[in-house]
Amino acid sequence: MEEWRLHDAEYRLMEIVWEREPLTSTELYKLCGPALGWKKSTTYTMLRKLCERGLLRNEDSVVTAAVKREEAQRCESRAVVEKRFNRSLPQFVAAFLDDRRLSSQEAEELRRLIDSCQEKGGEEA
């Protein structure tokens, strides 16, 4: 998978598209005004840049996402672990959980995720 990063403002624009796609570029800028405080020119500039990077499509003024929300979340999560936690997933999880208590359901879901990754040979070199 190609690695890329979204800046906060780009991610917020992507969220609007993910929630409402397909939408026209006019609908998008009308949503970005109140939601993000952007002018029409800012919205269109961001739209153009995200299209150039292959993250959005704007075909006949209809805007759709070229990447799924889940893919963006994976890239963002990996970037945080790599940059802030020296590529250590256990350090990230420990910092995230800190003093938080997990419900039995959350703990079981995490166990299943870990088991699933181990079954796939989930250790990274």
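1. Ser-25, Thr-26, Leu-28, Tyr-29 and Cys-32 of helix α2 are in contact (heavy atoms within 4.5 Å) with Lys-40, Thr-43, Tyr-44 and Leu-47 of helix α3. Helices (H or I, at least four residues) and strands (E, at least two) are DSSP runs, numbered from the N terminus.

2. The model is a predicted one, in which local features need pLDDT of at least 70 and side-chain atom pairs count only at pLDDT 80 or more, while totals for chains, interfaces and linings use all residues. Residues are numbered from 1 along each chain as its sequence is written, and side-chain values use heavy atoms, with hydrogens and water left out.

3. The axes of α2 and α3 are 9 Å apart, and the two helices pack at an angle of about 120 degrees. Axes are lines fitted to C-alpha atoms, for helices over the stretch in contact, and angles run from 0 to 180 degrees between N-to-C directions. The pair is therefore oblique; angles under 35 degrees count as roughly parallel, over 145 as roughly antiparallel, 65 to 115 as roughly perpendicular and the rest as oblique.

4. Helix α1 covers residues 8–20, and its 13 residues reach 19 Å from the first C-alpha to the last, close to the expected 18 Å. The expected span is 1.5 Å times one less than the number of residues.

5. The axes of α1 and α3 come within 11 Å and cross at roughly 90 degrees, which makes α1 roughly perpendicular to α3. Ala-9, Glu-10, Leu-13 and Met-14 of α1 make this contact with Met-46, Leu-47 and Leu-50 of α3.

6. An open sheet is formed by three strands in the order β1-β3-β2, with antiparallel pairing. Strands β1 and β2 stand at the edges with a single partner strand each, so one side of each lacks a neighbour in the sheet. Two strands pair if DSSP finds at least two bridges between them. β1 and β3 pair over two bridges, and Leu-23 stands opposite Val-63 in β3.

7. Strands β2 (residues 56–59) and β3 (residues 62–65) are joined by four bridges, and Arg-57 has Thr-64 in β3 as its bridge partner. Their hairpin has two residues between the strands, and Asp-60 takes a positive phi near 55 degrees. Helix α3 lies across β2 and β3, running at about 110 degrees to β2.
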